[in-house]
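Work through these exercises with the structure open beside you. Try each task before you read its solution.

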Amino acid sequence: MKKILLVDGNSLLFRAYYASAYAGSVLKTSSGIPTNAVYSFANMLTSLISERDYFDVKVAFDKSKKTFRHDKLENYKAGRSATPEDLIPQFQIVREFLDSANISWWEKENYEADDLIGTMAKIIESNCEEYEVEILTSDKDMFQLITDKTKILLPKTGTSNLELFGKEELLIKWEVSPENVVDLKGLMGDPSDNLKGVEGVGEKTAIKLLKEFKTIEGIYEQINSIGGKLQEKLINGKESAILCKEIATINCEVEIENLNFESIKLNLSGLVSFLEKYEMISLIKRLSNRVGLINKTEESNTKKIDFKVLNEWDNSLALNDNFIYIESLEENYHKGEILGMAILNENGNFYLENLKDDAELEKFFLNKKFNKLTYDLKRTATLLRNYEIDFAYDSFTYDAMVAAYVLNPNITSRIQNLINIVQTDLFLEEDEIIYGKGAKLNKGIEFEKKAIFTIEKAQIIKETFVPIIEQLKQNNQFNLYQNIEFPLIEVLFEMEEKGILIDKLELDKQTARTLNKIEELEAKMKLILAGDIEENFNFSSPKQIKELLFDQLGLPSNKKQSTDREALEKIIYLHPIVALLLEHRKLTKLYSTYLRGFEKFIFADNKVHTIFNQTLTNTGRLSSSEPNIQNISVKDELQKEARKIFISGNQTKFYSFDYSQIELRVLAQLGQEDTLIEIFKNKRDVHTEAARKIFDLTVDSEVSSEQRRIAKVFNFGIIYGLSDFGLSNDLKISIIEAKNFIKDYYNSFPKLITYKNILIKEASENGYAATYANRRRLVPELASANFLIKNFGNRIAVNMPIQGTAADILKVAMVNIYKSFVIENMKSFMVAQIHDEIIFEIYDEETEKALNIISKNMEKAFKDLSKIIGKKPSEIVVELEVNASKGENWFELK
DNA sequence: GTTGTCACG
DNA sequence: ACGTACGTGACAACG
């Protein structure tokens with residue numbers, strides 16, 4: 001007999017909620033989305049499936065608030081206390097969980113979960129002899145569904161303690177048979193559903209009556225054989241009893257379409273990305289193991305992919321379209337090792353272990369007729385170059401990683417995620433499970449296993465290719481992918497390859513000098529604090545600093561006893577040590593992150609080769625790592641010294657081009673705010689002019705630096721989705737003053753409030769925010785009942801289109817400059833992008849030509865963007881202004 | 001692995 | 001009553 005589990009989703013989720021809400025507080029993600037009930041639900045359900053060995057699992061939910069039962073009884077369920085606020089958003093999230101794990105769930109307008117489950121149980125009983133049913137619910141009404149083949153699993157105490165009810169167990173507990181459960185309910189009523197039953201008849205009397213007369217109808221047929229008060233009560237309650245029975249009766253004749261049962265196969269990668277998304281990290285390992293157990297029974301049935309192992313490539317196997325995947329486990333591919341390669345085409349599936357010294361393979365890569373479609377092209381190309389395998393870059397025509405990012409920037413870039421971005425039946429094991437991770441990472445696994453895994457990865461790229469392209473087109477995002485993101489891969493690839501030269505002497509000099517300063521400063525601080533601290537006091541330990549300042553020295557603090565810069569600045573005049581601590585922070589940051597910390601990133605060529613992550617941010621920006629060259633100090637004079645270690649080559653100089661106020665210009669354009677557009681058109685200082693508007697000053701009047709500073713805070717605030725609280729905090733003014741300022745600001749730029757409201761409305765309706773180029777970001781926060789989270793959603797809806805459109809513009813500029821450099825056969829090259837700034841190394845003899853190409857392309861990039869995505873360039877009226885500076889090192893720039 | 005802090009746009 | 005500006009990455013300390 002195969003067992004099918006039917007789950008009452010609402011009932012289980014409620015139970016999961018209360019089992020995991022302690023003293024009213026519940027588990028939440030860092031952005032405040034409550035997840036406790038889903039966490040517990042996922043835990044309970046997977047545990048149950050893995051332990052009790054079910055063949056298939058279906059979950060049913062109540063659909064709408066109103067059901068056919070409400071038509072019969074006006075106050076049905078009216079007495080029930082309100083659903084906890086933190087639970088409401090989790091009804092949606094739990095459905096997302098089931099989808100990601102590939103567990104099917106059902107809901108139907110007008111019906112409750114009971115009816116769906118009852119119907120399914122009946123269908124199984126009458127059509128499928130080889131199945132039996134278990135129903136997981138804490139609703140005792142469901143006992144009416146018990147038969148020889150159907151049993152109820154009732155949670156007892158806690159979450160893991162369950163009791164199984166069949167006919168016999170029911171008879172022992174209630175002394176009734178399943179078909180009389182509704183009669184019992186009709187007589188007793190049920191306060192939770194606001195069912196009255198017969199007044200004065202409780203459990204004991206009801207059971208006694210049913211034992212004798214079997215059903216409610218039976219009781220009334222022989223009402224005269226019952227005497228006295230009870231008869232009176234029954235006659236008075238007749239209508240109610242019959243109605244309550246009717247309502248308690250589960251409708252087992254709901255129409256359910258496409259119901260079929262097959263061996264359950266959980267989607268591990270979908271599940272893992274779900275758990276990552278909602279920060280349920282601790283469940284990943286536990287659930288992965290269970291999924292392994294649950295899926296195991298099926299493993300032998302999964303179709304094997306046929307493939308051929310080749311010692312050397314045979315170019316006669318090559319075709320026009322070849323899906324390739326190169327396996328390499330290092331996160332930093334600049335020092336990555338190639339473990340093997342899969343090539344899939346219509347001639348078959350091929351696996352190559354050794355890529356070195358394979359002349360045929362190199363011919364394959366150099367031949368432009370042979371298209372290569374892959375996942376993470378930048379990594380692939382870098383690995384090939386590191387192995388000195390020549391290739392024609394142009395023959396790479398598709399990158400599944402970047403395409404998937406365009407469809408959903410929120411998804412972690414792992415090849416396994418391609419499966420859930422488009423629905424497929426494919427399954428791909430996690431890297432960690434194949435190779436282990438951390439200290440247990442093992443690259444030398446069995447040859448066969450590794451070959452299959454690599455082939456499977458290429459298979460995923462192949463199978464998802466057409467659906468992904470179709471979805472891009474359907475979303476109107478194909479141009480963004482094809483003409484911006486895809487060409488950008490090559491730009492970033494070359495930037496990373498070129499790297500940035502490091503002045504090692506300068507680095508060593510500064511490292512020693514800074515270490516010296518730190519030691520001196522620590523000695524000085526120890527002298528001041530003599531008697532207050534131990535000899536081995538650690539000035540870098542927030543814990544020890546906290547104790548010293550607030551407990552020992554008794555300085556005032558906030559509730560959290562924070563010791564960050566903002567907190568320390570407040571108490572700087574109360575003790576001489578505080579200023580020195582701030583100085584210490586600056587020096588140690590400089591030393592450990594930008595000086596000594598940089599050494600490990602320097603390669604044999606004396607350069608750093610950063611990784612520009614193209615598929616990480618939610619807004620479309622790039623990020624940079626190992627090392628991060630987008631956050632090198634610039635604001636503090638002392639820390640800015642670190643910029644001297646980045647030097648240009650012998651024959652080149654650095655040129656930096658940065659956009660002036662690009663986000664505000666984007667805002668002016670997209671919000672159609674003419675006053676703002678005019679300010680930029682007249683090349684005025686936007687903060688000064690905003691100050692004139694807010695403070696109602698005349699055109700040529702003097703604007704104080706204080707007024708300009710306030711206006712500047714506003715200009716930034718508007719991009720972040722300003723709040724009165726945030727502003728009052730930043731400007732150190734009262735919330736009332738902040739409110740008034742906001743009013744003045746919006747009066748000065750009235751279109752901005754309209755635009756803001758449109759953005760929020762669109763994001764709420766669509767479920768995502770979008771840039772001018774149709775880059776999307778899902779904003780589930782907007783659906784939250786919690787107003788803090790919802791406000792966060794509002795700010796995302798406003799900020800993402802602005803920050804993201806600016807990012808889109810930068811990308812267009814980079815792609816176009818790169819193309820021009822190639823066409824003009826220039827040697828000069830791009831070295832870095834820092835969100836609103838692009839840094840180049842330019843050969844002296846190319847200076848004029850290069851500067852011209854760069855500034856022209858940057859200035860027209862918004863219009864170019866418009867054209868690329870098929871909009872009208874003429875609608876872009878705001879000017880983009882670019883400032884350039886040069887230097888032989890980064891310190892000299894700007 | 002998580003937390004606190006701080007660097008950038 | 002609650003308690004925030006948007007987007008990142010790296011480091012040291014501390015469980």
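**Exercise 1. Sort the residues near DNA strand B by class, then find the contacts.**

Step 1. The surface near DNA strand B has 5 nonpolar, 7 polar and 8 charged residues. Here Ala, Val, Leu, Ile, Met, Phe, Trp, Tyr, Cys and Pro count as nonpolar, Asp, Glu, Lys and Arg as charged, and the others, Gly among them, as polar. A residue is near a strand if one of its heavy atoms lies within 4 Å of it.

Before going on, note the ground rules. This is a predicted model: local features need pLDDT of at least 70, side-chain atom pairs count only at pLDDT 80 or more, and totals for chains, interfaces and linings use all residues. Residues are numbered from 1 along each chain as its sequence is written, chains are lettered from A and ligands numbered from 1 in the order in which they are written, and side-chain values use heavy atoms, with hydrogens and water left out.

Step 2. Of the 20 residues around DNA strand B, Thr563, Arg585, Val634, Gln639 and Asp836 come nearest. Sugar and phosphate make up 84% of the atoms of DNA strand B that come within 4 Å of the protein.

Step 3. Look for polar contacts (pairs of N or O atoms within 3.5 Å; within protein, one must be able to donate a hydrogen and the other to accept it, and residues adjacent in sequence count only if both atoms are side-chain atoms). The side chain of threonine 563 has an N or O atom 2.4 Å from a phosphate oxygen of DNA strand B. Bases are contacted too: lysine 589 places a polar side-chain atom 3.0 Å from a base oxygen, and arginine 621 has a side-chain N or O atom 2.9 Å from a base nitrogen.

Step 4. Helix α24 (residues 576-595) gives the most to this surface, with 3 residues. Helices (H or I, at least four residues) and strands (E, at least two) are DSSP runs, numbered from the N terminus.

**Exercise 2. Which residues are closest to DNA strand C, and which element gives the most to the surface near it?**

Step 1. Among the 35 residues that surround DNA strand C, the closest are Asn538, Ser541, Ser623, Arg777 and Arg795.

Step 2. Sugar or phosphate holds 61% of the DNA strand C atoms within 4 Å of the protein, and bases hold the rest.

Step 3. The side chain of serine 623 has an N or O atom 2.7 Å from a phosphate oxygen of DNA strand C. For arginine 777, the side-chain distance to a phosphate oxygen is 2.7 Å. Glutamine 803 has a side-chain N or O atom 3.2 Å from a base oxygen.

Step 4. α33 gives the most to the surface near DNA strand C, with 5 residues.

**Exercise 3. Is strand β21 enclosed or open, and what does β21 pair with?**

Step 1. In strand β21 (residues 829-833), 5 of the 5 residues are buried (under 20% relative accessible area; exposed is over 50%, partly exposed in between; 1.4 Å probe, protein chains only). So β21 is largely enclosed by the rest of the structure.

Step 2. β21 runs antiparallel to strand β22 (residues 837-843), and 4 bridges join them. Two strands pair if DSSP finds at least two bridges between them. Alanine 832 has isoleucine 839 as its bridge partner in β22.

Step 3. The hairpin of β21 and β22 has 3 residues between the strands, and histidine 835 takes a positive phi near 70 degrees.
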